[in-house]
Amino acid sequence: MNGTIGEPALTSPADRPDAPVHAAESTGRSLWRQLMGSNTAWIFVVLLVLVAIFSAMKPGNFPTEFNIRAIATNASVLLIIAVGETFVIITAGIDLSVGYVLLFSGVAAAETMAAFGDPTNKGWDVILLGLLVALASGLAWGILNGFLIAKAKVPALIVTLGTLGMAWGLAEILSNGQDVRYIPRELATIGVGRFFAVPWLVILAAVVAIAGAILLNMTKFGRYTIGIGSNQEAARRAGINVERHLIKVYALSGLLAGLGGFLALAYFTTTTISGHANDNLNAIAAVVIGGTSLFGGVGTVIGTAIGVFIPAVLQSGFIIIGIQSFWQNVAVGAVLIGAVFVDQLRRRSRERR
Amino acid sequence: MAEPLLQARGIVKHYGHVEALRGADFDVYPAEIVALIGDNGAGKSTLVKVLSGTEQPDGGEIILEGRAVQIDSPAVAQQFGIETVYQDLALAPDLDGAANLYFGREIMLPGVLGKLGFLDDRAMHASARKAFAELGVDVQNAHRMVANLSGGQRQSVAVARSVTWTDKVVFLDEPTAALGAVQTARVLDVIRRIRDRGGAAIFISHNMPQVLQVADRIEVLRLGRRVARMDAAGTTIEQLVAAMTGALDSREGAA
């Protein structure tokens, strides 16, 4: 994709006195090497092993079309917010607020749509209005996060912990603590609808992930995101407006959380106020498990997509083999710590060079 | 002598109670190599940071080509044609050599795709290889992540980055500190090439034989002020050391 122009070296070895020592590193083709060198390849193996184990234990229940579709659909909304989180974490930041920004956006959209007459029978114009409200809500929270982090210099951990609480509280206030259950019928159709055998939600999530991968690897926005995460001072000295870029990155994360909130509405046909406690953990875990470094500068959207399926597969698998699904939280937490530990080791060995 | 290319007049900079620069002066002329020397804490790095826009002075004046200018940020310095190679190398380790060379000045794809923000990586790699080849830097570095390069290779990329973008003024803060003999010679060649193109190269170094070997002129800082200016020709290491330690304060303005 990037940096894979296969030209032969222009200079002879005689022109490169230090070449023999480093020749081995230079031969790889970057994308493949990036995959193999990061956790991504390993975590893909872990995912395959998990699928194999669950399939072997319950061959009649786990590897079925129905279950695969359920896992993919459940993972869709998580993938969308995890793509935004990937960009944030590559800048060496963190966004803890995504789960409740998602909830707030969903509630705001649902309340807006409910305000128009007959609760469930509404036109596409009202649905579109709901979508815009959800996107605008997410974007606003994201810009607030970005502004406080980049301009006011409050640590991202604290800012997004604060907006997590604020978005949660305001969502409860807006809905009076009652789930909004009147979702337009047409919207619910999208939530469970399919294009041939593939649910619309899965298609949308895939589109977001592919767009995210292109944005990260092929555009200036992605290049600055990686560069700022890699060495913020270098970016500043290179004349890049670091503050403005960070605001954009958090805005993107908020925007995708808003989209996620709207799609969750379509899928569950209710606001599910109490159902988002784990979204933050799962999104951050997916990103980090997928090989994105909490120290910034390193990460892929492909890795995140694989990372998203680990909690999704665990949850489904545990339910099917009859283990309490709470064990999923325990397992995801442990895998998260393991992934960060491996990243630490890698980084330390690199700094010893 | 011609008009100075870049001048600093009475630059003051303090960090809290610490006065790093107490009215420092500095001059550099077109087509010359100036060594900026001084003991630790003399204010050399701070002066370079002020002149390259990384730090804002608390007082004093910067004059570029006869015009008083304000260098609010590194971006402004770059617009003026002032590039800097920092002691703590300002490279992004997770990007490759070409991406670092073009960091902040990316080549975009032609047409609509470029307007949408798509990078022309092929073009950037091609011209990075060319630039590296011209400077005697290993062209393979264009494709390697900087994290995987040795200290010397990183230094070469940083030097290549600065001289690719300006013909005017290049500051180099201890450019050969991390280098072996061969690479040191190459970097010094690059410095001479800046001068031969009519630009000014200013380098900080603690290596006195190297200073006398490469520089045309030497400016000495002590305790945040310029205390001596001397031509390299005919100057001895003993004189440099004397100026740095204060035994030679009377020679102010000797150039």
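Biologist: What is the mean pLDDT of chain B, and what share of its residues reach 70 or more?

Modeller: Chain B has a mean pLDDT of 88, and 96% of its residues reach 70 or more.

Biologist: Where in chain B does pLDDT stay under 50?

Modeller: That stretch is residues 251-255 of chain B, where the model has twelve contacts beyond four places in sequence. Where pLDDT is low, the predicted coordinates should not be read in detail.

Biologist: What makes strand β9 of chain B mostly covered?

Modeller: A residue counts as buried if 20 or more other C-beta atoms lie within 10 Å of its own. Of the six residues in β9(B), residues 217-222, five are buried, so the strand is described as mostly covered.

Biologist: How do you know that β9(B) pairs with strand β3 of chain B?

Modeller: Pairing requires at least two bridges. Five bridges join β3(B), residues 32-38, to β9(B), so the two strands pair, and they run parallel. Within β9(B), B:Glu219 stands opposite B:Leu36.

Biologist: What joins β9(B) to strand β10 of chain B, and in which direction do they run?

Modeller: Six bridges join β9(B) to β10(B), residues 225-231, and these strands run antiparallel. As at least two bridges are required, they therefore pair as well. B:Arg217 has B:Asp231 in β10(B) as its bridge partner. The two strands form a hairpin with two residues between them, and in the turn B:Leu223 has a positive phi of about 50°.

Biologist: Which residues have the most contacts inside the largest nonpolar core?

Modeller: They are A:Leu79, A:Ile80 and A:Ile81, in a core of 170 residues. Helix α12 of chain A, residues 242-268, gives the largest share of this core, 16 residues.

Biologist: How many residues does each chain give to the contact, and which element supplies the largest share on the side of chain B?

Modeller: Chain B gives 34 residues and chain A gives 32 residues. On the side of chain B that touches chain A, α5(B) supplies the largest share, five residues. By class, this side has 16 nonpolar, ten polar and eight charged residues.

Note on methods. Residues numbered from 1 in each chain as written. Chains lettered and ligands numbered in written order. Predicted model: local features only at pLDDT ≥ 70, side-chain atom pairs only at ≥ 80, totals over all residues. Contact = placed C-beta atoms within 7 Å. Helix = DSSP H or I, 4+ residues; strand = E, 2+ residues; numbered from the N terminus. Nonpolar A, V, L, I, M, F, W, Y, C, P; charged D, E, K, R; others polar. Buried ≥ 20, exposed ≤ 12 C-beta atoms within 10 Å, placed from the backbone. pLDDT = per-residue confidence, 0-100. Core = buried A, V, L, I, M, F, W, Y, C linked by C-beta atoms within 7 Å.
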